[in-house]
Amino acid sequence: MTKKCSKCKKIKDLSLFHKDCTKKDGLRTTCNICKSKVDKIYRKNNKDNLRIKKSEYYYKNIDSIKEYHFNWLEKGGQKIRDIYEAKRYKDNPERSRKYIDAWKKYQIENLTDYYILELLVRYNDIKKEDIPNELVKVKRTHLQLLRAIKDERNKE
Ligand SMILES: [Zn+2]
């Protein structure tokens, strides 16, 4: 028993057609080879579409994603990040280094709570959880003033 493939128009043995219960003869109209070619193209196109969609979403929402990410880090994600980073660092020191540097730069530039708390515990014998929010705010203002003064000096 044979059947003509609707795509390559070759007459092939029925065993070379996949089953399809929606068809009258219970078999696909295209042969297995044609079907797998179509599938391959579909998968490739779909993969590209997905990747484009993902990057479009990323760039449109980059600020909120970053904010979410860094908020998460500040609210206890830090420990998990440390463990994860340590593993990543072992796997790929150079790439990991870049990530850590970017993260530190962000903390410093934005005077995040995390960064300020780190500063406060570094130079004082005090635990992070004992530092009141007000002190973090005051320290932030202090650092902003210092930066403003430095900027002014650099202009002169
Ligand atoms: Zn075919």
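Author: Here are some labels and the values behind them. The model is predicted: local features need pLDDT of at least 70, side-chain atom pairs count only at pLDDT 80 or more, and totals for chains, interfaces and linings use all residues. Residues are numbered from 1 along each chain as its sequence is written.

Reader: What makes up the secondary structure of the protein?
Author: The protein has five helices and two strands. Helices are DSSP runs of H or I with at least four residues, strands are runs of E with at least two, and both are numbered from the N terminus. The pattern along the sequence is β-β-α-α-α-α-α.

Reader: Why are α4 and α5 called roughly perpendicular?
Author: Two packed helices are described by the angle between their axes and the distance between the axes. The axes of α4 (residues 113–123) and α5 (residues 133–155) cross at roughly 95° and come within 10 Å. Axes are lines fitted to C-alpha atoms, for helices over the stretch in contact, and angles run from 0 to 180 degrees between N-to-C directions. Roughly perpendicular covers 65 to 115 degrees; under 35 is roughly parallel, over 145 roughly antiparallel, and the rest oblique. The label for α4 and α5 is therefore roughly perpendicular.

Reader: Which residues of α4 and α5 meet?
Author: From α4 come D113, I116, L117, L119 and L120; from α5 come V136, K139 and R140. Contact means C-beta atoms, placed from the backbone, within 7 Å.

Reader: How do you know that the length of α5 agrees with its residue count?
Author: The expected span is 1.5 Å times one less than the number of residues. For the 23 residues of α5 that gives 33 Å, and the end C-alpha atoms are 33 Å apart, so the two agree.

Reader: Why does K23 count as exposed?
Author: Count the other C-beta atoms within 10 Å of a residue's own, all placed from the backbone: 20 or more is buried, 12 or fewer exposed, in between partly exposed. K23 has 11 such neighbours, so K23 is exposed. K23 lies in the loop between β2 (11–13) and α1 (32–60).

Reader: How many of the 23 residues of α5 are buried?
Author: One, so α5 is hardly covered. In the protein, buried residues make up 5% of the 156 residues.

Conventions. Contact = placed C-beta atoms within 7 Å.
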